[in-house]
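Please keep the sequence and the structure in view while reading.

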Amino acid sequence: MILLNDIQIGRYLPGDSFLHRMDPRVKIVLLFFFLLLIFFVENAASFAALACAVALLMVFSRVPLMMQLRSIRPILWIVLFTFAVHLFMTPGTEAFRIGFLTATWEGIVRGAYIGLRLILLILLSTLLTLTTSPLRLTDGLEALLSPLRRVGVPVHELAMMMTIALRFVPTLLEELDRIMKAQKARGVDFERGNIMQRLRAIVPVLVPLFLSAFRRADELALAMEARCYRGGEGRTQMKELRTGRLDYAAIGIFFLGAAGICAVSFGGLTLAP
């Protein structure tokens with residue numbers, strides 16, 4: 001139940017920070033390159049710089065920090081599992097032994113790097129949706145994918161579907177939370193028994209959840225049809241996307257920082273056991 005409320009991807013929190021005011025196209029492109037940078041670096045100094053940059057973005061976004069940090073909790077078990085796999089499966093210098101499993105210093109370093117990558121990825125993705133409204137996110141995706149129109153790709157419809165799917169994540173989680181509470185009130189226990197018993201207890205939840213999702217999709221389709229929505233052909237935007245000084249400054253700062261991090265990474269400053 002707690003994990004459902006902790007998932008923040010897809011939620012939008014209105015605000016007036018510089019992240020809220022940035023062009024969504026710039027934010028999406030910078031996020032893409034930031035994620036590439038996260039999976040590119042391989043030393044402690046670079047990871048420390050990336051972590052500091054993400055922390056500054058979280059503070060400057062003016063989104064409550066606890067709201068952002070809660071998004072990590074649902075993936076903690078994945079982070080811990082990944083760390084354990086690298087800890088015991090990476091060959092190298094022995095650090096300690098648990099039974100027949102041998103932990104290595106190289107495994108500790110590799111597991112820490114992979115876990116930090118996952119955490120930074122979730123924090124940045126969550127920060128994008130928290131500071132970008134669904135409408136602006138759709139416009140940004142459509143603008144970035146517009147070259148695909150030349151090969152017959154329905155860019156507007158594709159961007160609309162992606163944004164609606166992202167926006168429906170918190171809605172369906174709220175619906176799932178409501179259904180589970182109703183089932184618990186009727187005596188269903190989701191936390192006892194073995195794995196098969198827990199899976200059988202979830203089955204009565206899936207049917208009303210799918211019915212609710214189909215109902216919401218039908219209501220959305222009716223609402224769009226009532227507003228004469230006929231796809232992206234001939235549609236215009238009430239507020240055109242414009243790239244301003246703030247966006248150019250963000251691009252410049254990002255690439256300067258990325259160049260510095262790459263220089264440190266190529267410099268060979270690594271974390272040794």
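By about how much of a helical turn are Glu-219 and Arg-215 separated in helix H10? The model examined here is a predicted one, and in it these two residues lie four places apart in helix H10, which covers residues 195–226, so that about one helical turn separates them.

## The chain as a whole

The secondary structure of the protein chain consists of eleven helices and two strands, and reading along the sequence gives the order α-α-α-α-α-α-β-β-α-α-α-α-α. The chain has 273 residues, of which 35% count as buried.

Among the contacts between residues at least 6 apart in sequence, 72% join residues that are at least 24 apart. The accessible surface of the chain comes to about 16,700 Å², and 69% of that surface belongs to carbon and sulfur atoms.

## Three salt bridges

Side chains of opposite charge can pair when their charged atoms come close. The structure holds three salt bridges, and one of them joins the side chains of Glu-219 and Arg-215, with a distance of 3.8 Å from N to O. An α-helix has 3.6 residues a turn, so residues three or four places apart point the same way. Both partners are partly exposed, since Glu-219 has a relative accessibility of 46% and Arg-215 one of 41%.

In another salt bridge, the side chains of Arg-21 and Asp-16 meet at 3.9 Å, again from N to O, and Arg-21 is partly exposed, with a relative accessible area of 47%. Arg-25 forms a salt bridge with Asp-23, where the closest N and O atoms are 2.6 Å apart. Here Arg-25 is partly exposed at 23% relative accessible area, whereas Asp-23 counts as buried, because its relative accessibility is 1% and buried means under 20%.

## Helix H6 and its two sides

Helix H6 runs over residues 76–89, and at 1.5 Å a residue its 14 residues should span 20 Å, which agrees with the 20 Å found between its end C-alpha atoms. The buried residues of this helix are Val-79, Thr-82 and Leu-87. They cover an arc of only 135 degrees around the axis, and therefore they lie on the same side of H6.

On the other side of H6, the residues Trp-77, Leu-80, Phe-81 and Met-89 are exposed. The cover over the buried residues of H6 includes strand E1 (94–98), strand E2 (101–104) and helix H7 (105–130).

## Helix H8 and its neighbours

Helix H8 covers residues 134–145, and its twelve residues should span 16 Å at 1.5 Å a residue, which agrees with the distance of 16 Å between its end C-alpha atoms. The buried residues of H8 are Leu-137, Thr-138, Asp-139, Gly-140, Leu-141 and Glu-142. These buried residues pack against helix H3 (24–40), H7 and helix H9 (155–185), and H7 is also among the elements that cover the buried residues of H6.

Note on methods:
Residues are numbered from 1 along each chain as its sequence is written. This is a predicted model: local features need pLDDT of at least 70, side-chain atom pairs count only at pLDDT 80 or more; totals for chains, interfaces and linings use all residues. Side-chain values use heavy atoms; hydrogens and water are left out. The expected span of a helix is 1.5 Å times one less than its number of residues. Buried means under 20% relative accessible area, exposed over 50%, partly exposed in between (1.4 Å probe, protein chains only). The arc is that of the directions from the helix axis to the C-beta atoms. Contact means heavy atoms within 4.5 Å. A salt bridge is a side-chain nitrogen of Lys or Arg within 4 Å of a carboxyl oxygen of Asp or Glu. Accessible areas come from the Shrake-Rupley method with a 1.4 Å probe; for residues, only the protein chains shown count as cover.
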